[in-house]
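Thanks for coming. I will take a few minutes to walk through one structure, going from a whole chain down to single residues.

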Amino acid sequence: MSYSVTSSLDRALNVLSESMGQGRVVAGATDLFLKSLSPELVDVSSVPELLGINRDHGSLSIGAGVTHAEAAASPLIRLEAMALAEACRQVGSPQIRNIGTIGGNVVNAAPAADAAVALVALGARAVLIDLGKRQHHAAVEELYADYNLSTVDSSSEILLRFLLDLPARDEGSAFLRFAPRQALSLPLVNAAARVRLKGDAIESVRAVIAPVNPAPTRLYETEKMLLGSWPEDDTWRKVEYTAASEVEVRGSLLRCSAGYRQHLVGVLARRVLKKAVERAVKSRMGGDGS
Amino acid sequence: MKEQVISFELNREKVEIYADPALSLLRLLRSRFNLIGTKEGCGRGDCGVCTVLLDGRAVNSCLIPAGKVEGRKVLTIEGVTREGLEKGAKVHPVQQAFIDKGAIQCGFCTPGMIMSAYALLRDKPFPSPEEVREAISGNLCRCSGYKQIEEAILEAAKAITEQEGKW
Amino acid sequence: MDKKREPVSKTARSDAAINQGPEVWAKAAGKALYGVDLHFPGMLYGKILRSPYPHARIKKIDPSGAYAIPGVRAVLTAADIINKPYGIVVEDEQPLAHDRVRYIGDEVAAVAAVDEESAGKALRAIKVDYEPLPAVYDPVEALGEGAIQIHDHFPGNIAWERDMERGDPQRAFAEADLVVENSFSIPSVHPTYLEPVACVTDSDYMNNLTIHTALQSPDVVRVIIAGALDLPLSKVRILGPVMGGGFGGRVYGNLKLYILSSLLSMNAGAPVKMKLTREEEFTVGRPMIAARMKVRMALRNDGTFLARESEIITDNGAYSAQAPWVSKTLSERNDSVYRIPNIKTRARLAYTNKVPTAQYRAYGNQAANYAYESLIDQAAEKLGIDPLQLRLKNCTRSGDVTVHGLKITSCALSECLQEAAKRIGWNNRTEGRGYGISAGIHASGSLVADRSFRGASARAVLELDGRVSVFTGEQDYGQGTYGAFVRIAARVLGLDPQLLSIYCRDSLVTPHSQGALANRQTTIGGRAVQLAAEELKKVVEEAASENAGEQFKMEGGHLVSISGKEMGLDEVARYHHYRTSGLTLNGEGRYVPPPADYDETSYGNISVTYSFAAHAAEVEVDQDTGSLIVRRIVAVHDSGQIVNPQAACGQVFGGVTQGLGFGCYEGYIFDRGAVASSSLADYRIPTALDVSCIDYHFIETDDAAGPFGAKGLGEVVQVPVPGAIANAVADATGARVTDLPITAEKIFQAMSEGGCG
């Protein structure tokens, strides 16, 4: 029954092994007091393999232990994965951002977790390591078992890093959230998109919305609609309509009605896609994409 | 959880304490170290009243397990006050600015606010008003409407700059 | 009054520690002690067992299991204590429930133990047998046929009601050129002071009880607690630690907590600390009443207000506390903002099986203001008259006696409206933005909190070192009250404010006071301080003259004789001290304002004087989502002469931001009797990124009543904000939101229904 802090990945894995299912890794640990405790906790927030933001063979590699504040301020993330920087910038409060990690955001599996939404839009893959020191990859959207329940078993595996394809020059990404207050607020809806242009058309697009399901949700119909052409005013109206119709939304007593949320899904999908396209255009023309 | 030894730096002094690592840092500071300057407003990270610095960054101490501070540096409002006294002032310039600008009414949000301001000014010595508001966006205040607090922090930035290198 | 005199604020040195009180240093340094910081040797921790049902009969309570828990020192149920009924307006509460619980959270048992964990275990060991009863949550339903009776002595669940008529409203409506009407709904709101309520009670073996807790009206609470505990008043002492915000929520605080804590202490023979968690502040702490208002107005085509009729239902919760008084203010205060000769109001306060209510700054005034000011704009639109002009045409003026008999001795409301309009750019609008305006009134020195105790007293004492101490029962929790008092006394005595101290927060030595409510502390409390200082000056001069054998006068803080001799204040203090074997030179100030002369229909003057305000708002609405940005709020106030400008500024920023919260963010959300919005994440107050740009201006009228012409500011600051914002939103979108808070969803809904403007 202990809380140990280590900066050795091997030691962390050993503690988990020895705890035989009774242990758990924590990073920011902000959810500790809001959920029940495991008897054996291993704090991996200073393990080097979970830290750092760097380019790695055509991918952007972000440590799972990187905090929201670090991600939001990182010049590399702002350059190559703007949607993630934007998502991290608006979470909670400066205090929350200073301690909450991107990995924690995904493993907590909250349906409207901002960083997770951006990661899915960016096509990020999680790198996990098990007790046998074997690594495997999984798309972030595959890590959700149910509402607030991750497929990641924190007693036997550690989420190390996220890998995203570095964007080409014709790419842009964006993130938007709609919340009742400008800070210290969970979002009613958040949306993220990553777009690549080719010539006068959208070559590929990933559009993600939350919270409508346990996991951040791709707007496949909306994406299909945008592929292969250049979006005009009319397209954007259709985007709004399609996005709102292709998801099933729930209302809640404390947040908003289902109807309003559905409407917001449409508006935010339209706005975030438009912004991603604009950034792709700017990037193509040599702008910094911001 | 079972108590264990936790060694860390508290207000620039090395300390060691035998405590439950699952106790929140807030409770550790208040009940084990008798440092009651850090307040509890909600216990859930919703108000910022419990803000302290962990390795120079503002965090909600109610959300930090005591075990997490092992080997790290914690700074509380008492540490800021002492810094002021040790450098020959009555209080630290941030605290002085809060007093001078009428930024303190009931005072309950004040320690947390000052810690957020202190962290900001270490990171950005010349913040814009927007950056100040962003830095205190996780600190609720019910009395003041934030305006005089914002002015105090901008004033403190000026004062610290004028006292070149002292702070 | 001498019109050429300099306002106090301009002569005094601008020293922040004076403005905010000397505690400001401790607050900045993290050394200020609030209730929850107090710690005493042998102190126990108290906890309360609460009902999980909104309405139930208690069949049996078995506390025996709790006694067996190690570390438990006292276990109380209704059977173990006197359990006298008590209350503020009606005595409908008892310290512990004995046969019935009426809301989720109703107090059933209390324990004290050596630590919180043991106390928690003890609670879990108490077995209570409940028989759930049908519950009613909606006040309209509670007043309806066949609703379950919540209190035996209040048939029909009517906690209070009032039918009020002035003039001949029926005729006025019949003769009107225009009648406008609408229904509005205002939810319960919580004062949301950042320091949750906490107390330490300490009873010695002779039942001399000391209660350490921060209160806005400790002397009033002391009387209630002594009564509830059946103790002589002299055995109850209240010592106030620093207060982490009040805003009306700490006028009586959480009486239950103090009473139960005291009983535990008396039983256990040790100090007992009790506190509420933030969640408990929302679930069992007391919000302000919710209100439903059906209102209509009659006007002439030229815009003259003829009549107004209101049907008001307010939600009491399970027990009354101050709700009848708040309902009363809500139902009548705004009738005096304008000249409206005919009024008809039917107001009823309904018991429901929900958390009981208390009060909040402005006492319901702001809730009704939102409804009435919205309706005025509706009328303006129908008549084609500028909403500003419509208000100017009808607004109350100096010298008026309003429809309820309020005597307006000074009033700059018309000037406030014009100034607010000018500063917001009323005639110089930005494309795409909406503009709204609202006007409000509040009592400054209300005389009706306790009709027989309507004034204040203070004592000014000359210390042996020549400094002056002022003893006051008034409470400062950061509003700058003590700063104002120091400046007032310093001005009278001609002394540097640095030489004055305030003695406060100890019921044993400070004069009894009604406390920080009813906007009375500056007007009435300050007046008493002024009189005390004047009296002290007189006795000091007399003593000096006696000492020297020639006439001495005190000018500019110095004692000087006719022949030019000087005497230090410390010298005259010591002289008196020795000749009387230990007494000090004292000045007692007694301010007894003329009584509120109101009759059984509540017609009459209820306050020493009145403060006025006009607020204007500039907003932007996102047409796609209804999302609202309140860009600017202009607050123009007539609070007489401003004695403590730095603090006044703080009051405006703070109060207007609270108004912004009330209008756009806050409101209790219930889920069948349970408070669903029970955290600061779900009950949202504005953060630093949500505040509007606030511009303020004081129009300093000269009112004879207050000290040096000062009038209250603390409550009226909040009043016109929600109405101004609502009107601005309607201007921006053509759609009106008729229930608070004005959220994006509601704006969007209103726009979708009514079309965009």
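**A few local features in three chains**

Let me begin with a loop in chain C: Pro741(C) sits between helix H19 (721-733) and helix H20 (744-754) of that chain. The peptide bond that links Leu740(C) to Pro741(C) is cis, with omega about -10°. Please keep in mind that this is a predicted model.

Pro211(A) belongs to the loop between strand E13 (201-210) and strand E14 (217-218) of chain A. I point these out because most peptide bonds are trans.

Now chain C as a whole. How many helices and strands does chain C have? There are 20 helices and 28 strands. The radius of gyration of chain C is 27 Å, close to the 27 Å from the globule rule for 757 residues, so chain C is as compact as a globular protein of that length. Along the principal axes, the C-alpha atoms of chain C fill a box of roughly 85 × 75 × 50 Å. Of the 757 residues in chain C, 66% count as buried. Taking the contacts in chain C with a separation of 6 or more, 80% are between residues 24 or more positions apart. The accessible surface of chain C is about 25,700 Å², and carbon and sulfur atoms account for 48% of that.

Next, a sheet in chain C. Which order do its strands take? This open sheet has four strands in the order E19-E18-E17-E23 (chain C), and the pairing is mixed. At the edges are strand E19 (500-503) and strand E23 (585-591) of chain C, each of which pairs on one side only. From one strand to the next the twist averages 20°. Helix H16 (residues 521-548) of chain C packs on this sheet and touches strand E17 (456-462), E18 and E23 of chain C. The direction of H16 makes about 145° with that of E23(C).

One pair within the sheet can be followed residue by residue. Strand E18 (residues 468-472) of chain C pairs with E19(C) in the parallel sense, over four bridges. Across that pair, Val470(C) stands opposite Ile502(C) in E19(C).

Staying in chain C, here is a helix. Helix H14 (residues 413-424) of chain C is made of twelve residues and spans 16 Å from its first C-alpha to its last, close to the 16 Å expected at 1.5 Å a residue. Its buried residues are Leu413(C), Ser414(C), Cys416(C), Leu417(C), Glu419(C), Ala420(C), Ala421(C) and Ile424(C). What do the buried residues of H14(C) pack against? Their partners in chain C are helix H13 (387-394), strand E16 (434-446), strand E24 (607-621), strand E25 (628-638) and strand E28 (693-698).

Most residues other than glycine have a negative phi. Phe247(C) has a positive phi of about 55° although it is not a glycine. Phe247(C) is placed in the loop between strand E11 (236-239) and helix H9 (255-268) of chain C. Is Phe247(C) buried or exposed? Phe247(C) is buried, with a relative accessible area of 4%. In chain A, Ala109(A) also has a positive phi, about 60°, and is not a glycine. Ala109(A) lies in the loop between helix H6 (102-107) and helix H7 (114-121) of chain A. Ala109(A) is buried too, at a relative accessible area of 0%.

Last, a strand in chain B. In a regular strand the side chains alternate between the two faces of the sheet. Strand E3 (residues 51-54) of chain B is covered on both faces: Thr51(B) and Leu53(B) are buried on one side, Val52(B) and Leu54(B) on the other. E3(B) pairs with strand E4 (residues 57-60) of chain B in the antiparallel sense over four bridges. In that pair, Val52(B) has Val59(B) as its bridge partner. The two strands form a hairpin with two residues between them, and Asp55(B) in the turn has a positive phi of about 50°. E3(B) also pairs with strand E5 (residues 73-75) of chain B, antiparallel, over two bridges. There Leu53(B) stands opposite Leu75(B) in E5(B).

That is what I had to show.

Conventions:
Residues are numbered from 1 along each chain as its sequence is written. Chains are lettered from A and ligands numbered from 1 in the order in which they are written. This is a predicted model: local features need pLDDT of at least 70, side-chain atom pairs count only at pLDDT 80 or more; totals for chains, interfaces and linings use all residues. Side-chain values use heavy atoms; hydrogens and water are left out. Two strands pair if DSSP finds at least two bridges between them. Axes are lines fitted to C-alpha atoms, for helices over the stretch in contact, and angles run from 0 to 180 degrees between N-to-C directions. Contact means heavy atoms within 4.5 Å. Buried means under 20% relative accessible area, exposed over 50%, partly exposed in between (1.4 Å probe, protein chains only). The radius of gyration is taken over C-alpha atoms; the globule rule is 2.2 Å times the number of residues to the power 0.38. Accessible areas come from the Shrake-Rupley method with a 1.4 Å probe; for residues, only the protein chains shown count as cover. The expected span of a helix is 1.5 Å times one less than its number of residues.
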